[in-house]
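Trainee: Hello! I am new to this model and would like to learn how to read its features. Could we go through them together?

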Amino acid sequence: MEQKTVVKVNENNYETALISKSLKQALLDLKIISGKTMDLNIMEVEISEHKCAVVSIEGMASTSSMAELIYRPLMEFRVKGYATEDDVFKFLTKQSLLSAERKILTTYGEVFLTLFSGFAVVFIDGCDKCVAYGIQGFDKRSIEEPTSDGNLNGAHEGFIETIRTNISLIRRRLKTPKLRFDMQQIGSDSKTDVCVAYITDKAPQGVIDKVKENLNKINLDTIITTGYVEPFLQGKHKSLFSNVLSTDRPDAFCAKLNEGRVGILVDGVPLALICPSLFIENFQTIDDYVNKPFYTTYIRWIKYIAFFLAIALPGLCVAIATNHPEILTHKFLMNLAASEEVTPYSFFFEAVIITIMYELMREAGIRLPKAIGGAVSIVGALIIGDAAVSSSLVSAPLLIVIGLTATASFVIPNLNPQTSIFRMLFILTGGFAGLFGITLCFAFMLINISALENYGVPYNAPISPFTFRAMRDVVTRPSFLKLGKSKTIVEDLNGAKKI
Amino acid sequence: MRMKRNRVCLKKLLIIPICVLFIFSLSSCNATGKYEKRDIDEKIIVHALGIDMTKEGKFEVTLQMLVQQGTGSNTPIDPSKANSATVSQVAATIPAAIEQCETDLGKKAFLGHSELILLGKSVTDLNPILEYFINAEGISLGTFMAYTDITAKEILNIKVTSGTYSAEVLKEIFEESQKNGTSTECELIRHIDNIENTNGTTVMPIIKKIKNDKKSSNEKEDSSSDIKFGETESDDSKNKSSNEKVEGGGGSSESESSSQSEGGGSGGEESGSGGGSSEEAEVTAFYIDGAVIVKDKKPKSVMSRDEVIGLSFLNNGIAEQTIDAKMGDTLTSVSAASVKKQTDVSLKDGRIVIDVNLTIAYEFNKTFSDKEQKEVGQKAAERVHTLCQEAIDKALKEDNADIFEIHSLLNHNDYTVYEEYKKNPEEILKRVDINVSINPQI
Amino acid sequence: MRKISFGQMVIILFLSRIFYTMTFIPFMYSDVTCQIIGFSICTAIECLAVIPMIVLYKKHPDKNICQVIYEKSKLLGILTCVVFALAAVLVINRLFRYFGYFVYAMFPDFLPTWLVIGTVAAVSFYAAFQGIEAIARSAGITFAFFGLSFIIVILALLGKMSFSNVIYDYPKFDDILHEIYYELSKFSELLLFPILYPYVKEKAGKSVYGALALKLIFVYVITAVCVLTLGSFLNISKFPFFDLGTYAETFIIERLDAFLLPAWILVAFIKTSLFLLVGKIALSTGFKRVKSNVFLLVLTVAAYAVSLPSVLQEKWNIGVLDKTVITIFLIVLGVLLPLVFCFGKGDENEAE
């Protein structure tokens, strides 16, 4: 007779280990696996005189919900005579509605996953299954205004850290059964909930499958932010630009799903990812679809100009002042020359210094606590700005240029990392090689963007490859009367491939 | 796997020295020699160039440049003061003279913003000048080129208080004069184009200064065309300039180096506007008076102001022109609002006849009755006819110069004659008759 | 395989040719009248010369000419591939010399010419490395930028154009013939099309005619503007199109010549990357075992190395190479070879 080798359950082999029938053993196993962690709450109860235990994690399950929804009904359950484990199990699984979410668990891996997700798990003596009830009660942030993408006329709700709340925000806006959410856990240690959202008849199946495949390839231990997930979604091409858009607005997210994109939500992060995304979408906000088309068109072009200014203005100024002063008008050139006369450094060097100072102040402004954040603006404006010009360390035209550049870069926050890098590159190439250097740097940037393609969609579509119909929403903002008649989804763009 | 890792490491190792090499070569190019990058304040921003010839046949080049008179970093340019200065040098060639100026000031000359090239009356041969400017780095094709009846140096030394520098004022005067016909087109490219097409003929306006005597009454110089070309500036020249050096650049030169002459005055074509007298103040304004006919790239004769207006009518260069019409004892002015030209070229009895019909739309400055309007219009037309005829008599009959775009008319209308013209322009021009008819429109 | 659209192909072919017009023949042999007549006649000849290529495309829409020949005869195929690569290097060499001359003449104190063409080569290498799609998309944006700067220059010059500036001469037959011959040497689309047509999604044959038509319009307009504005200055100008920019002014930008410079650089970079790509595709067809990017690196270094001596010695125009040798390559590779191999059975998936 073969002897069964009993393998003791521990934190390394618990994931697939089956739950012990003996309640005592099961509870002991739980303690061993969790290392007797102080937040593991075990409440041993008798349900109709049958031994059971309710296990939860402190702070994860709501104690009031537990009392109302779990304990009270369990205490009130009675059968004639002595209740068996089957009676109790039947009651828990079929004859009661103790919470909206109920799962039957068979392994310790599932038990811990649900416990750490805020479930309460009921163990039954003599039963090798247990029942988990979703009574999450952990503290979470309330829905607030989105911080990174402000607007005037749209909704003021933003995503929060809890994935299920985020899902509900999306579901409320798209009341269609075609909206699907596929949840999976990623991260060998963190087991972070990552949800793939899409609308079935709009998102190409190839893209959905590819996204899921890419998510499955993630071999990290922990997933803390969307930044851990993004590189896996972006594909092999190394680009300074990202073709995965992130947003903290549920309305923007829904709009993108409606265009045939696939969205990814990560638990613990108040941001959602959208792919594939296009370069031009960095310039579109939800306010664009609230205001009148003529105004939106005007603002769109302001944004395009802002992007150009943010990236190229300092570099162009340096290039022109140093190598091509014939481009400037007479008065401008004279003022510039006169301003530069008194400064100790070259225009190029001043531009580099001021740009670095601006980046320092910007970074400090983000990191500083709000209480003393105002000090940054005082330091920046008064001390550096005014004093630098008065003491002739820096010329006034350059300060205006940098100020304008800084303001312009705030208009498109999504592209801030790229504009910072390219701004500095343009300044360096402009100083060394004038317009020639800037053009080559621009050519490099152009190729970098043009080569970017993910999920079959070129990143700089619909500009190149040109799609006339989609360009309507680039050059202008067509009215909804026109948009309603003919929609352009991502698959329809020129250059998009079916995958 | 290991080989792949080695290859990747090698690739990364190679990239670093390549980048370092590239940056090094770029920086070293920027730092030294011919490719050294100069900031904008390390360049001489030249507003205008003046060229005179010395007795020895050398070139005296005067550069009018920016020198700000600001009071601090907040107001680098003080518009109440003249923000310019000049530097002059003499050398055998123009590039050599400019190089000496650069050496004097320790900066490189930037000609990309020069708006005016002024030729002094001592300049008798345009060949070397045009050769230089065609190939000069950075010179704009739209730079104005004109003559002056004195030395270019004197004109450029004049300080003006309206506008920031005298070249700016001069440019505005030229632009305005071109609109009302008192000056011909004087952009560099047009001169080159004319010279190429006509074997060396073009017309250059003459800029003069209004002298102010000590009683502060403004008087123009006698505007008769008695400029003697080839005259060089003598030692006891009329305009004395102070010997104040502009910049700290040292170096002696064959003639005086830079000087800022005291003076003042702003542009105004005919009326001497602006004051600004100073210790030696003689000049209060510039004005355009006539033009030089250049033939075979040498100045030949001078056209009067009226003749230039006639030329402008014929060449269709006028936007607005006030024409005086004598009605009995009174002089009335009418404005030519628009001029339309129709030209016909024909051969008659071996003569090339060019019929020019000008339809001029008049605007009246006073209220006239219909009959008076017609009369005034007729008188004005007669006046225009007289002006045109004077221009034709002067340029064609007297000097045999093709300044009426005859080459273009022949090329477009009769190529055979044009071919003859190319071989022997003098002969063809002698056979040309220009008949002008004016059609006034009220 | 099908990666670029009809419009992108037209733009690629057009930009490849317009580079020479932007330089507007740095080495003027005859006057404008002869040039424009020669250009027009040459365009008509080009329309006929591309017919064998188009027939070849219709027979073998998924294979470039090197692949077609390689399948018929391995040795001949390899030889064709090598010759294509050599031709690409020669075209790039000419481009580097012309571009180097431009920088040398117009911006002499800017950067050393060897460094200028070196950086263009490096960026073009990166572009060719990314593939035909990246180049095609960049070409679209370059075309838009080129068109915009072109329109701005023309608008700025509207007031300065005059019909009286037009002086034409009766053309001489010899000069016209010379111009036809010189113009033909610039028709490097004959090298591009046979290699790149498998990448075009649709109407590849028509794309050549589209490019020729676009080229015709642009060259006529540029010539007309140059003549109307510059007049006889055209005869002594080194870079007439660039001089238009020098003469044009607006109230924001004083001169537009430095504004045209980026357009020019972008066009040069697109053309260089295209020919590097063509050489790479040709060589990788013939030598399948070697990684294609190795060929790319070799071609870039070779093109730069070949151009370096002439650039350093300031020999900008090598008449024999630019006119005779390249023309022979173009006719052999772009006309004769397709003519020979366009007969016979086509592939199953023949283009319509």
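Mentor: Gladly, and we begin with a term: a salt bridge is a side-chain nitrogen of Lys or Arg within 4 Å of a carboxyl oxygen of Asp or Glu. The general idea is that side chains of opposite charge can pair when their charged atoms come close. Searching the whole structure gives 41 salt bridges over all chains. Please keep in mind that this is a predicted model, where local features need pLDDT of at least 70 and side-chain atom pairs count only at pLDDT 80 or more, while totals for chains, interfaces and linings use all residues. Residues are numbered from 1 along each chain as its sequence is written, chains are lettered from A and ligands numbered from 1 in the order in which they are written, and side-chain values use heavy atoms, with hydrogens and water left out.

Trainee: Which residue forms a salt bridge with Lys191(A)?

Mentor: The partner is Glu15(A), with the closest N and O atoms 3.0 Å apart. This pair links distant parts of the chain, 176 residues apart: Lys191(A) is in the loop between β6 (179-186) and β7 (192-199) of chain A, and Glu15(A) is in the segment before α1 (23-34) of chain A. Helices (H or I, at least four residues) and strands (E, at least two) are DSSP runs, numbered from the N terminus.

Trainee: Where do Lys394(B) and Glu398(B) lie?

Mentor: Both are in helix α8 (residues 370-398) of chain B, four residues apart, about one turn of the helix. Lys394(B) is buried, at a relative accessible area of 11%, whereas Glu398(B) counts as exposed at 55%.

Mentor: Chain B has another pair for you, Arg431(B) and Glu420(B), whose side chains meet in a salt bridge (3.6 Å, N to O). Arg431(B) sits in the loop between α11 (425-430) and β14 (432-441) of chain B, and Glu420(B) in helix α10 of chain B, 11 residues apart. Arg431(B) is partly exposed at 26%, as is Glu420(B) at 36%. Salt bridges can also share partners, and in this way Glu359(A), Arg362(A), Glu363(A), Arg367(A) and Arg423(A) are joined into one network.

Trainee: Now the interfaces, please. How many residues of chain C are in contact with chain A?

Mentor: Contact means heavy atoms within 4.5 Å. By that rule, 34 residues of chain C touch 32 residues of chain A. The size of an interface is often given as the accessible area lost when the parts come together. Buried area is that loss (1.4 Å probe), summed over both parts. For chain C and chain A it is about 2,700 Å², with 71% on carbon and sulfur atoms. The rule finds one salt bridge across this interface, and it joins the side chains of Arg137(C) and Glu453(A) (2.7 Å, N to O). On the side of chain C that touches chain A, α6 (113-130), α7 (132-157) and α12 (257-286) of chain C each supply at least two residues. The most come from α7(C), with nine residues.

Trainee: And what area is buried between chain B and chain C?

Mentor: About 2,800 Å², of which carbon and sulfur atoms give 56%. Here 34 residues from chain B meet 30 residues from chain C. One salt bridge is counted between them, linking the side chains of Asp169(C) and Lys422(B) (2.8 Å, N to O).

Trainee: How many helices and strands are there in chain C itself?

Mentor: Chain C has 14 helices and zero strands. Of its 352 residues, 63% are buried. Residues 24 or more positions apart account for 85% of the contacts in chain C with a separation of 6 or more.

Methods
Buried area = accessible area lost by both parts, 1.4 Å probe. Buried < 20%, exposed > 50% of the residue type's maximum accessible area, 1.4 Å probe, protein only.
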